[in-house]
Amino acid sequence: MREAMIDALERGVAVGSGGSRLLRGNHPEHEALEAEAATFFGAERALFLGGGYIANFALLTALPQRGDLLVYDALIHASCHEGMRAGRAEYLEAAHNDPQAVEDIIRDWRYKGGKGCVWIAVESLYSMDGDRAALADFLAVADRHDAFLLIDEAHATGVFGPMGRGLSAAYEGRENVICLHTCGKALGAHGALICAPSVLCEFLVNRSRPFIYATAPSPLMASAVRHALKLLQTEPERQNKLANLVEFAHRELVTRCGMEGSGSQILPVIVGGNARAMKLAAALQSHGFDIRGIRPPTVPEGTSRLRIALTLHVDELQVTDMIDCLAMHLKANPQ
Ligand SMILES: Cc1ncc(COP(=O)(O)O)c(C=O)c1O
């Protein structure tokens, strides 16, 4: 990444864009990234925005219209909540990862006279629980009800799917699927890519206020993301190594802690109360493990937790040590 950045600077790529995309902030690096991202993720078009938070806000304030319905998963990210609140559509919460609950809400809304378009918002991999959405089932619901499915891939991009294309790789390019790939997590850069049908991207370019009225993202960052996408394609060993580490950690969690894993690189250890979570986090940090305690309102009341996020910065030995340390402190700090 460092060499790619130096190379981009030497090619004359600007650090700052200097203006909105619609005025003088548009840069060939943005356009090159968007073209490459659309091809890589299999979407008709991609739009590069400053980050995932603002991209969710942009999507949910611009696309659902007055008279529409937005059904969202109970554990959806805070940025979606901001977008829904500031948006024009009615919004209703569905139980977590429950396609049937989404369908019941849509049917009930139609029965009561709802006439507009329906939008369903989910994450492909939930940030605080590490579990995967039942994407195929949500898509089937969306198809049955002529609805759009918005999939936030923040935690799956670069980690899951062929070449790290995410968990929605098989569905991108469909006319009712909109995916958000953030660039600040596994891609190691900054920004976000909205991948969607061209007609929706065109609508966002002309109607989405965060796209129109914000200074365009750094062209240099667009170069960084271009390089990160290249790395996903040319160095698949990174993705494989993380997958093996995740599998290893799950096995170790069961044998050393008697605990089931989430199936992903995000491993929540739900400990209940706030004080216990923070005490355990401090204990693990004192042994050198960078594990944070997560409390309400980020997670539901009574489900405070340690959030273990596995990355390529650690190896199997460190994972084993961490799990032993966790087991010891869980025992020493009973509920
Ligand atoms: C699921 C999810 N969506 C969106 C975001 C926001 O993305 P960004 O950090 O790029 O603004 C985050 C967290 O950062 C996230 O966890």
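A crossing of two helices is left-handed if the near helix is turned anticlockwise from the far one by less than a right angle, and right-handed if clockwise. The model is predicted: local features need pLDDT of at least 70, side-chain atom pairs count only at pLDDT 80 or more, and totals for chains, interfaces and linings use all residues. Residues are numbered from 1 along each chain as its sequence is written, and side-chain values use heavy atoms, without hydrogens and water.

**Exercise 1.** Describe how helix α5 and helix α6 cross.

*Solution.* Step 1: the axes (lines fitted to C-alpha atoms over the stretch in contact) of α5 (residues 99-111) and α6 (residues 135-144) come within 9 Å and cross at roughly 15°. Angles run from 0 to 180 degrees between N-to-C directions, and helices are DSSP runs (H or I, at least four residues) numbered from the N terminus.
Step 2: α5 and α6 are therefore roughly parallel to each other, the term for angles under 35 degrees.
Step 3: α5 passes α6 in a right-handed crossing.

**Exercise 2.** State which residues make the contact of α5 and α6.

*Solution.* Step 1: α5 contributes Pro99, Val102, Glu103 and Ile106, and α6 contributes Asp137, Phe138, Val141 and Arg144; contact means heavy atoms within 4.5 Å.
Step 2: by class, five residues are nonpolar, none polar and three charged.

**Exercise 3.** Characterise the domain arrangement.

*Solution.* Step 1: the domain assignment gives domain 1 (2-234) and domain 2 (237-332).
Step 2: the C-alpha centres of domain 1 and domain 2 lie 28 Å apart.
Step 3: 17 residues from domain 1 and 15 residues from domain 2 take part in the contact.

Note on methods
Helices (H or I, at least four residues) and strands (E, at least two) are DSSP runs, numbered from the N terminus. Angles under 35 degrees count as roughly parallel, over 145 as roughly antiparallel, 65 to 115 as roughly perpendicular and the rest as oblique. Ala, Val, Leu, Ile, Met, Phe, Trp, Tyr, Cys and Pro count as nonpolar, Asp, Glu, Lys and Arg as charged, and the others, Gly among them, as polar. Domain bounds come from an automatic or database domain assignment.
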